Amino acid sequence: MSAQAQAPHGRAAAESRRWWALAVIAIAQLMIVLDITIVNIALPSAQKDLGISDADRQWVITAYTLAFGGLLLLGGRLGDLFGRKRVFIVGLLGFALASAIGGAATGSAMLFGARALQGAFGALLAPSALGLLSTTFSDPKERSTAFGIFGAIAGGGAAIGLITGGLLTEYLNWRWCLFVNTPIAVVTAFAAFSVLERDHIGKGTRVRLDLPGALLGCGGLLAIVFGMSEAVTRGWGDWLVLGSLLFGVLLLVAFVLVEKRTAHALLPLHIVAERNRGGGALSVGLAMVGMFGLFLFLTYYLQVIKGFSPVMSGVSFLPMTAAIVISSTAIAARLMTRVRSRNLIGPGLLLAAAGMAWLTQMQVGSSWAGVVLPAELLLGLGMGLVFMPSMSLATLGVAPNEAGAASATINSAQQVGGSFGTALLNTIAASATASWLAARIAGAGDPAVQAQGAVHGYVVATWVAMGVLLLAALIAFVMIDHRPAPGEAAEATGDAAGGAEAGAGAQAPQTGAQTPAHQRQQAQ
């Protein structure tokens, strides 16, 4: 065969290889995004099967989000150090192992530990997936198409997780919500070994790891979440609760001091010191405090109080997911190049707070269509306005070599906010329920009274979540003053994929915040 004949064949093979690589990367991202929603739907069944207390049930969610958010920056650095393909494959195999351990859990501690492992290996997978996608597609047209497909697939992960979680829990067992990841991850790892290009990192270009920063940051977050969760049974004035909270704050102060002095900081502090990026990260983090807690309460309200099946429970969340996607792509994407960012983020948070206010009216006998559905739509429309401009602000004006850290920072803010929110609001709800039942000790054994007590706890926590969203709106109006520049309009179209993904997976780990434009900047 002549050289001329071989050249087109070689180009065709290389092009086919790139799209196979996209399939592998998208499957891995889909697995990460759907994992939290699929487990949320299964949580009531898992709690009953393993005898997990109401105070501890939040660790099934928190262990994942805390490990994921706390280690996301470190995961990106490991990809820079050892090569993204290698770290990607290790992340897949580790995720498969952690999922198998979780599915086989014989007790709560084993399940919590497996979920933390899932989060840790997810933190390896997520930045590596984005980095590989960025380097695999260099042609601008192909790149835009690839990121559009990636965003659409990953954005649908929340909805897929809701439905799949319901089907597996109802017709098989809650354990299959974890077991299902194992064969998918193993097959994807072998495919990744074959189709992904090896990215060798020369020793001279490797980035040093900031292990002290990682240990202090993760340790501080863990101590605070532990203190919040222990307050359910011990009370806020207990020495262990206060000691854990104080210790966590001291570790985070030490983290800031270390990051100021190290040349290879996990979190360059000047990134969040800029008012627009800092305001965006704070707004999103506080918004997730309310959203993660809400998702937990609604799952229990629908399945335990209203008697919904796992499948119907999953389906009932789809209107909120659809509202987020529509709001992100049809409203925020069109307006973010025309109006100030705070004029989208602030009103979006107020809309979400209105959804929370509507939800405070729920009672044991409330209908889904009358109370839950309107609240979901308000929350979805509001959060869709928040995610898109916040993700855009995350890398606004950042140097190309820090774009990855800036994008990971906004994603970490989501996960850390979700961890705090799940722990705090679960503690508030459980405490309010216990106090309500204690005042009605004569009828505390009556299932109807217990149901009323549980709903009372959910309502109290929802009021707190509404207050947090109002605080987030205030911060957005005060801190964010970004005006869109003419040049940003060209990049906003590409931002739609990342924003839609961020919105659709609001309850799930977000790693698609880097948009095609941001990825081009980082690759350069």
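Trainee: Why is Leu474 called exposed?

Mentor: In this predicted model, Leu474 has a relative accessible area of 52%, and because exposed means over 50%, Leu474 counts as exposed. Leu474 is found in helix H18, and it is one of the residues that make a nonpolar surface patch of about 520 Å², together with Leu350, Leu470, Leu471, Phe477 and Val478.

Trainee: Which helix gives the most to the nonpolar patch?

Mentor: That is helix H18, residues 447-479, which gives five residues to the patch.

Trainee: What makes Tyr171 exposed?

Mentor: The relative accessible area of Tyr171 is 59%, and since the word exposed is used for values over 50%, Tyr171 is exposed.

Trainee: How many aromatic pairs does the structure hold?

Mentor: The structure holds four aromatic pairs, and one of them is formed by Trp176 and Phe179.

Trainee: Why is the pair of Trp176 and Phe179 called edge-to-face?

Mentor: The ring centres of Trp176 and Phe179 are 5.5 Å apart, and rings pair if their centres lie within 6.5 Å; the planes stand at 70°, and because planes over 60 degrees apart count as edge-to-face, the pair has that name. Both residues lie in helix H7, residues 176-179, three residues apart, which is about one turn of the helix.

Trainee: How do you know that Trp176 is partly exposed?

Mentor: Trp176 has 43% relative accessibility, and partly exposed lies between the buried limit of under 20% and the exposed limit of over 50%, so Trp176 counts as partly exposed. Phe179, at 25%, counts as partly exposed too.

Trainee: What makes the pair of Phe295 and Phe317 tilted?

Mentor: The rings of Phe295 and Phe317 have their centres 4.5 Å apart and their planes at 45°, and because planes under 30 degrees apart count as stacked and over 60 as edge-to-face, with the rest as tilted, this pair is tilted. The pair links distant parts of the chain, with Phe295 in helix H12 and Phe317 in the loop between helix H13 and helix H14, 22 residues apart.

Trainee: Are Phe295 and Phe317 buried or exposed?

Mentor: Phe295 has 2% relative accessibility and Phe317 has 0%, and since buried means under 20%, both count as buried.

Methods:
Residues numbered from 1 in each chain as written. Predicted model: local features only at pLDDT ≥ 70, side-chain atom pairs only at ≥ 80, totals over all residues. Heavy atoms only, no water. Patch = residues over 30% accessible without salt bridge, like charges linked within 9 Å, V, L, I, M, F, W, Y side chains within 5 Å. Areas by Shrake-Rupley, 256 points an atom, 1.4 Å probe, with all protein chains shown as cover. Salt bridge = Lys/Arg side-chain N within 4 Å of Asp/Glu carboxyl O. Helix = DSSP H or I, 4+ residues; strand = E, 2+ residues; numbered from the N terminus. Buried < 20%, exposed > 50% of the residue type's maximum accessible area, 1.4 Å probe, protein only. Phe/Tyr/Trp six-rings, centres within 6.5 Å; stacked < 30°, edge-to-face > 60°.
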